[in-house]
Amino acid sequence: MVSSKNRILQIAVVFLRVALGGIFIYAGYVKLVEPWQLFAAGIADYEVVPMWAAKLLAHTLPWFEVLVGLLLIAGRWLRTCTVSTSLLLLVFVGLMVRAFAGGKEINCGCFGPNELISWKTLVRDGAMLAVSLFLTAIAFRHRRKPA
Amino acid sequence: MKMFALALAVMLPCLAAGPEGKSVGNPAAPMRMDLYGDFTCGHCKMLHEQILPRIIADYVTPGKAYLVFHEFTLTGPGHEHSRAASMYAAAAARVGKYQQVCDALFLTQSSWAMSGKVWETVSPALTSVEQKKVQALMNDPTVAADVQRDLDLGMAAHVNQTPTLVMTRKGKQTLWSFWNDYGLFKSTVDMLLSK
């Protein structure tokens, strides 16, 4: 019975890992196929970093999203990977909540341009954060177990 | 304002008839720019008075872009008179005075947007004959249809805020609505034009 539950958990973890990895790859891809300036403008709209930093992030963040997505799917460096996705999503969701609460009508910049921050985007990204935190906890729990 | 008028004066020889007189430049230009704005939107006023002259000078005058104006009429608090302004602008376009009416509306935006005195703002930009025509056109259902069509076009292009510029190059649309850094916008347009 216990092993059956473990098996279900293992399958669920793999499924969530692949799903989250796929979402990160997609998020990076849609930014890479558009002019980088669109993402830079999206970042600048949040008014938390100077323009030079927005430009730097616009050039680098999509590649990082693709990288962590691939690593999540491959199941490599899981602790580093899941911590990275959790931190990224914490920042993303935090900024979105801040903008939404402040009444800013700006694009979320999550999956390319032209998607205003709304309850829908907050719930979606919040769910992704919950999944990422769950995978992080699993990654560290497995690490502590003796071989 | 003066810059915009100057840019338009430079453009006069190549002003295209366009959709109901609401366009500037050569329709055969390599890029089409569809600008969606609202007369009660503060950022639209800033764009019209400070950025549009630069866009015209950098891209429309040299024949790189064809600029078309659209009314993306906002609703709700603060935008009670948006529709009237859009209607007057659309009607003015029919008598060839679209830009002049736009200039007048943006110049005193904070005043008429509060008072609702839209006609009092628009009328000085028109001759007495044009005033009569525009007043008559305000009852023309096709003018209202033009305003609605602009909004529908914007929605179809996924415009979700004003002002938004929809740039179309080789069939691909790119939306731009960040106006705090003209250099960033310019590098985007230059990149799109280089493709």
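Trainee: Which residues of strand 3 of chain B point one way, and which the other?
Mentor: This is a predicted model, to begin with. A65(B), L67(B), F69(B) and E71(B) point one way from strand 3 of chain B, while Y66(B), V68(B) and H70(B) point the other way.

Trainee: Are those residues buried or exposed?
Mentor: All of them are buried. Strand 3 of chain B is mostly covered, with seven of its seven residues buried.

Trainee: What does strand 3 of chain B pair with in the parallel sense?
Mentor: Strand 2 of chain B, over seven bridges. Within that pairing, L35(B) stands opposite F69(B) of strand 3.

Trainee: How does the chain get from strand 2 to strand 3 of chain B?
Mentor: Through helix 2 of chain B, in a right-handed β-α-β crossover.

Trainee: And strand 1 of chain B, is that parallel or antiparallel to strand 3?
Mentor: Strand 1 of chain B runs antiparallel to strand 3, and two bridges join them. V24(B) is the residue opposite L67(B) there.

Trainee: What is the strand order in the sheet?
Mentor: The order is 1-3-2-4-5 in chain B; the sheet is open, has five strands and shows mixed pairing. The edge strands are strand 1 (23-24) and strand 5 (172-176) of chain B, each pairing on one side only.

Trainee: How do strands 2 and 4 of chain B pair?
Mentor: Strand 2 (residues 31-37) and strand 4 (residues 164-169) of chain B pair in the antiparallel sense, over five bridges. For D34(B), the bridge partner in strand 4 is V166(B).

Trainee: Which helices pack on the sheet?
Mentor: Helix 2 (residues 42-60) of chain B is one of them, touching strands 1, 2 and 3 of chain B. The direction of helix 2 makes about 160° with that of strand 3. Helix 9 (residues 182-194) of chain B also packs on the sheet and touches strands 2, 4 and 5. The direction of helix 9 makes about 20° with that of strand 4.

Trainee: Stepping back, how many helices and strands does chain B have?
Mentor: Nine helices and five strands. Along the sequence, the pattern is α-β-β-α-β-α-α-α-α-α-α-β-β-α.

Trainee: How much of chain B is buried?
Mentor: Of its 195 residues, 45% count as buried. As for contacts in chain B between residues at least 6 apart in sequence, 73% join residues at least 24 apart.

Trainee: Why does D103(B) count as partly exposed?
Mentor: Because D103(B) has 17 C-beta neighbours inside 10 Å, and a residue needs 20 or more to be buried and 12 or fewer to be exposed.

Trainee: Now chain A. How many residues does helix 4 of chain A have?
Mentor: Helix 4 (residues 78-101) of chain A has 24 residues. From first C-alpha to last, the helix reaches 33 Å, close to the 34 Å expected at 1.5 Å a residue. The buried residues in helix 4 of chain A include L89(A), F92(A), V93(A) and M96(A). Just after that helix, G103(A) takes a positive phi of about 75°.

Methods: Residues are numbered from 1 along each chain as its sequence is written. Chains are lettered from A and ligands numbered from 1 in the order in which they are written. This is a predicted model: local features need pLDDT of at least 70, side-chain atom pairs count only at pLDDT 80 or more; totals for chains, interfaces and linings use all residues. Two strands pair if DSSP finds at least two bridges between them. Helices (H or I, at least four residues) and strands (E, at least two) are DSSP runs, numbered from the N terminus. Two residues are in contact if their C-beta atoms, placed from the backbone, lie within 7 Å. Axes are lines fitted to C-alpha atoms, for helices over the stretch in contact, and angles run from 0 to 180 degrees between N-to-C directions. A crossover is right-handed if, with the strands pointing away from the viewer, the path from the first strand over the helix to the second runs clockwise. The expected span of a helix is 1.5 Å times one less than its number of residues.
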